[in-house]
Every structure is written in structure tokens, then in C-alpha cells.
Amino acid sequence: MALVSADSRIAELLGELHQLIKQTQEERSRSEHNLVNIQKTHERMQTENKISPYYRTKLRGLYTTAKADAEAECNVLRRALDKIAEIKSLLEERRIAAKIAGIYSEAEPPRKTMRRGVLMTLLQQSAMTLPLWIGKPGEKPPPLCGAVPAAGDYVAKPGDKVAARVKALEGDEQWILAEVVSYSHAANKRHTLSRRRIIPLPQWKTNPETDPEALFHKDQLVLALYPQTTCFYRALIHAPPQRPQDDYSVLFEDTSYADGYSPPLNVAQRYVVACKETKKK
């Protein structure tokens, strides 16, 4: 019943998203005429080689209108992004509900039968589709945006991806990529791990051009997912992302190299978290 309800709500949200996309195009088409007028006015000023009071007044009005048009389009785009976020959340809830009920689709077979190549592709897709945080002017990035840690009272939801500290077969402990199945308030545990052994992964990418303070900085110690694996290892930030679509460049601790670190490797924002252990191993 819950799956049917989710499907109905998703269909409703997709319809609303379609209307918002059409509205965005309408807002953009309306603003284009004003932008053309701004360009033509500047061209006339250059031809006449003077800035008269008439042109000052005209440009002030044109730019005021352009600013209002841009804000209107921005508001529509934010509403569209909210719809997309809600759709993704419902899809994830539906996936978890189906997994709990023992229903697996052909696109996502039981984890025990998933081939390594398929898993690596899914991890890459998860990193690529992580939403970019787009705040309003003066708004600070929220918890779990880039390097911003989770709030102290944060409780991960079923389906959330985390870095989890577990015991390996050899008895050593290591950080692995995991998915939250359940949370026990009474035992203060997620599945079979205590809360202290869990680090939630970022839920938004940070835009380096607008919120560089929400990124890990050069030489900062982190835990990063080693490429083509599901394990997190200690690393130093070699270079933070320069653009929203860029990865971190990190140096993994590796005693096989003379300086104790690997050559720079790229790791997506999705899979870089703060390291709780400050002492080098």
C-alpha cells in the first residue's frame, strides 16, 4: 500500500515539475527582450560616445527590470529543485520499503549477487547525482553540505550512506561504505554499530565558487574512499575542487612510498569525510 501511495505522489510531483520547467522557460523568454534592450542601449552610447542623463535613467530602469526578472526565474528554479529533491527522497523510501519487503527489481538485484563492476558504476552515479547546494545570498551551507559535519543530534535515516567502522576478517578495524538499515533509539545503534562508529556522507555538493569555506582545505586530514573499492582510508587533501563538478585530489597514507603518501588520486565530494583520528598510523 505504501508503494502505491509513493508512486501516486511521485507522478503528481513529476507533473508539477513539468509545469515549473515550462514556467522557467517562459520567465527566460520574457527577460530576453529586456536584455536585448540593454545591449542595444550600450551600443548606442558607444556610437554617440557619451552618457547622457536620458541613457542613465533608461539603463537604471532596464537593469532594475532585469534584476527582478532574474529573481523571478531563480525562485521558479528553486521550487523545481525542491520538487526534484522530494522525488528523489520518495524513490529512495520506495527502494528501502521494497528491500525490506524482499522485493528486488532487475535494475537492483540483492546486494549479495551484485557484480563488482555494477557496484562501482552505482557508486560513481551516486557521486555524480549528488545535488549541488545553491543557497540564497548570505545563506550558509547546511550540515552535511561538503565538509560541514552533521548536527550533534543527527540520526541517519534508512537508506542513508555512511562511513562505518567495522572489524575486518583479520581482526583489524577499517572504515567501509555502508547503508543504514535501521536505527535503534533504545540501544543508540544503527543496525549493529554504535553511533560513534558512523560518519554520515555529504548530502549536498559544495560550490567552490560560492561556498569555499564548506570544503576541506589543502593538507587537511580526511577519510576518503579509495578508488574502485568500498573502503575509506586516511588521506591528506592535495587540492580541493575548483568547480562544482570537480573532485578532491587526495594523497592516501601509504608506507610503500618514501614520503608515506600515494601520488594524487581523485575522489568525489560524496566520498570524503572528516577523519576522527588525528594521529598518523
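Visitor: Where is the place of L81?

Guide: L81 is found in helix α2, which covers residues 53-100; helices here are DSSP runs of H or I with at least four residues, strands are runs of E with at least two, and both are numbered from the N terminus. The model is a predicted one, in which local features need pLDDT of at least 70 and side-chain atom pairs count only at pLDDT 80 or more, while totals for chains, interfaces and linings use all residues. Residues are numbered from 1 along each chain as its sequence is written, and side-chain values use heavy atoms, with hydrogens and water left out.

At 43% relative accessibility, L81 is partly exposed; buried means under 20% relative accessible area, exposed means over 50%, and partly exposed lies in between, for a 1.4 Å probe and protein chains only. Together with I84, L132 and I134, L81 makes up a nonpolar surface patch whose accessible area is about 300 Å² in total. Such a patch consists of residues with over 30% relative accessible area and no salt bridge; nonpolar side chains (Val, Leu, Ile, Met, Phe, Trp, Tyr) are joined within 5 Å and like charges within 9 Å. The areas come from the Shrake-Rupley method with a 1.4 Å probe, and for residues only the protein chains shown count as cover.

R94 pairs with D7, and their closest N and O atoms are 2.3 Å apart. R94 belongs to helix α2 and D7 to helix α1 (residues 2-48), so this bridge ties together parts that are 87 residues apart in sequence. R94 is partly exposed at 31%, and D7 is partly exposed at 35%. Another bridge joins E71 to K67, with an N to O distance of 2.6 Å. These two residues are four apart in helix α2, a separation of about one helical turn. E71 is partly exposed at 41%, whereas K67 is exposed at 53%. R9, E12 and E86 form a network of salt bridges. The search of the whole structure finds 14 salt bridges. Among them is the one between R197 and E173, at 2.6 Å from N to O. R197 is in the loop between β5 (193-194) and β6 and E173 is in strand β2, so the bridge ties together parts 24 residues apart in sequence.

To place this helix in context, the protein contains three helices and 11 strands, in the order α-α-α-β-β-β-β-β-β-β-β-β-β-β along the sequence. Of its 281 residues, 36% are buried.

The largest nonpolar core holds 31 residues, and F232, V250, Y271 and V272 have the most contacts inside it. A core of this kind is a set of buried Ala, Val, Leu, Ile, Met, Phe, Trp, Tyr and Cys residues joined through side-chain atoms within 4.5 Å. At least two of its residues come from each of α3 (116-128), β2 (173-179), β7 (221-225), β8 (231-239), β9 (248-252) and β11 (272-274). The most, five residues, come from β7. Neighbours within four places in sequence aside, the contacts of Y271 (heavy atoms within 4.5 Å) include L123, L177, L223 and F232.

Aromatic rings of Phe, Tyr and Trp (its six-membered ring) pair when their centres lie within 6.5 Å, with planes under 30 degrees apart counted as stacked, over 60 as edge-to-face and the rest as tilted. Five such pairs are counted. F216 and Y248 are tilted, at 6.0 Å centre to centre and 50° between the planes. This pair links distant parts of the chain, with F216 in the loop between β6 (198-200) and β7 and Y248 in strand β9, 32 residues apart. F216 is buried at 4%, as is Y248 at 1%. Y226 and Y233 are edge-to-face, at 6.2 Å and 85°; Y226 is partly exposed at 32% and Y233 is partly exposed at 38%. Y226, Y233 and F252 make one aromatic cluster.

Note on methods. A salt bridge is a side-chain nitrogen of Lys or Arg within 4 Å of a carboxyl oxygen of Asp or Glu.
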